[in-house]
Amino acid sequence: MSELGEWHCEKRPFPKNESFTKVQENVSETGSLSIIVLGASGDLAKKKTFPALFNLYQQGFLPSNEVYIFGYARTKISDEELRDRIRGYLPKGKEGTEDVSNFLQLIKYVSGAYDAPEGFQALDKAISEYEISINSAEGSSRRLFYLALPPSVYPQVCKMIKNYSMNRSDLVGWTRVVVEKPFGKDLASAEELSSQIGELFEEPQIYRIDHYLGKELVQNLLVLRFANRFFLPLWNRDNVDNVQIVFREDFGTEGRGGYFDQYGIIRDIIQNHLLQVLCLVAMEKPVSLTPEHIRDEKVKVLQSVVPIKDEEVVLGQYEGYKDDPTVPDNSNTPTFASVILHIHNERWEGVPFILKAGKALGSRKADIRVQLKNVPGDIFKCQNQGRNEIVIRLQPSEAIYMKLTVKQPGLEMSTAQSELDLSYRQRYQGVVIPEAYERLILDTIKGDQQHFVRRDELKAAWEIFTPLLHRIDNGEVKSLPYKPGSRGPAEADELLEKAGYVQTHGYIWIPPTLA
């Protein structure tokens, strides 16, 4: 306000959010696309990466006149030998044989070491020859490098890509790198790995893949929460008693005991998959669906998690795990863990989040259970039958259902637990639910990082679990034995009860039939 009492408007620059400082703009999503699968002869590439690429090809997302796929590995084999190895893993539909043959012709193989320039120079030459063959202007091509490799070789492979196989110019085209978990073993190793890769590529070029974020029901979480009015007033500490996020497998390490023993169930499942789900369940509504806005809110959740207490952790190891000759006889590595997390913020203060995962259990499933508090003034005397729950079944038999109390049909006023049910198999008959890897690879091609883990997000996740993991590694927290095919250690059920979860007795959710 001036001395004369007049108001003046002054235009000032809007402060930039730090998370947007390096976002690439005006990036081309047209022109030649080269997808390079490093570790092409390995199990991950054969079982997940190539089948996902084939499904995208079948659906028209990878047109044969724009896309070429390169396999790279140390194994000395021919193009045709790689195609033969992949062929058996590709799904065959009505036009299966012809589609498979046409897809396999898009694949070329280059052999070379992961730490020597010669192989990557040969790879670059092969990619450049393809780009020239379709008259792609220099610098306008797109190169996607998928590292289906152990994290130990990420730094040297990324260095080779940076020095010898990058797109010549980022003016129009791009180079993107997809890296698989496990991304480190603790905070220090994850930060070291992030720094090594971060020195070579900008954050918008790095896609840290967590395939759980590509699952249909996980992707439905934001829509379910923020597009439905009746969930908005319920989703807080005033109404929610506890939240469970559960992952169960009915088989053990299946010959991978030596590898699994280096990581354990917390590093393998809880610190990444289940923690990512927790973020989507607990986060505040983002400003928009822009990837950075969503990832900003996820980071806020992780930074609000208080340190884990040992008395709120139960570890287990199934009997027979150490029979695997590759597993040390004195191994304390957990194959089961139940961990209670607390989020210190206005929405979730006092609400326990129970993350539970295990191998060799009595069932195979993954779900989210949001259990509501008891109804005050229970005039029907039905609280012993169970509480209201919102259940999101991630796998198998994808579904969203709400457990609620209703009157049982008949002349008497008696109550029972039932559900309002959206089962995907029944509601969306004939609709193929995409595999997680398909969706995430397509997102990478489109440059959409919403469903990938940002560096600060990764750091915050490791900060939560690293102290506990070090105590486990030092033998300070012991794994309890449990029988294969059981629910896990009995102490885990006691911890669940202590957290306030009320079991619904006599109720079993049955997926609806198609009839």
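I start with the ground rules, then take the helix, then the charged pairs.

This is a predicted model, where local features need pLDDT of at least 70, side-chain atom pairs count only at pLDDT 80 or more, and totals for chains, interfaces and linings use all residues. Residues are numbered from 1 along each chain as its sequence is written, and side-chain values use heavy atoms, leaving out hydrogens and water.

Now helix H10, residues 291-303. Helices here are DSSP runs of H or I with at least four residues, strands are E runs of at least two, and both are numbered from the N terminus. H10 has 13 residues. Its buried residues include Ile-294, Val-299 and Leu-302. Buried means under 20% relative accessible area, exposed over 50%, partly exposed in between, with a 1.4 Å probe and protein chains only. Among the elements covering them are helices H7, H9 and H13.

Next, salt bridges: a side-chain nitrogen of Lys or Arg within 4 Å of a carboxyl oxygen of Asp or Glu. How many does the whole structure have? A search finds 25.

Take Arg-347 and Glu-284, at 2.7 Å, N to O. Arg-347 sits in the loop between strands S9 and S10, and Glu-284 in the loop between H9 and H10, so the pair ties together parts 63 residues apart in sequence.

Asp-367 and Arg-369 also pair, at 3.6 Å. Are these two buried or exposed? Both are buried. Finally, salt bridges with shared partners join Glu-292, Arg-295, Asp-296, Arg-454 and Asp-456 into one network.

Key:
The expected span of a helix is 1.5 Å times one less than its number of residues. Contact means heavy atoms within 4.5 Å.
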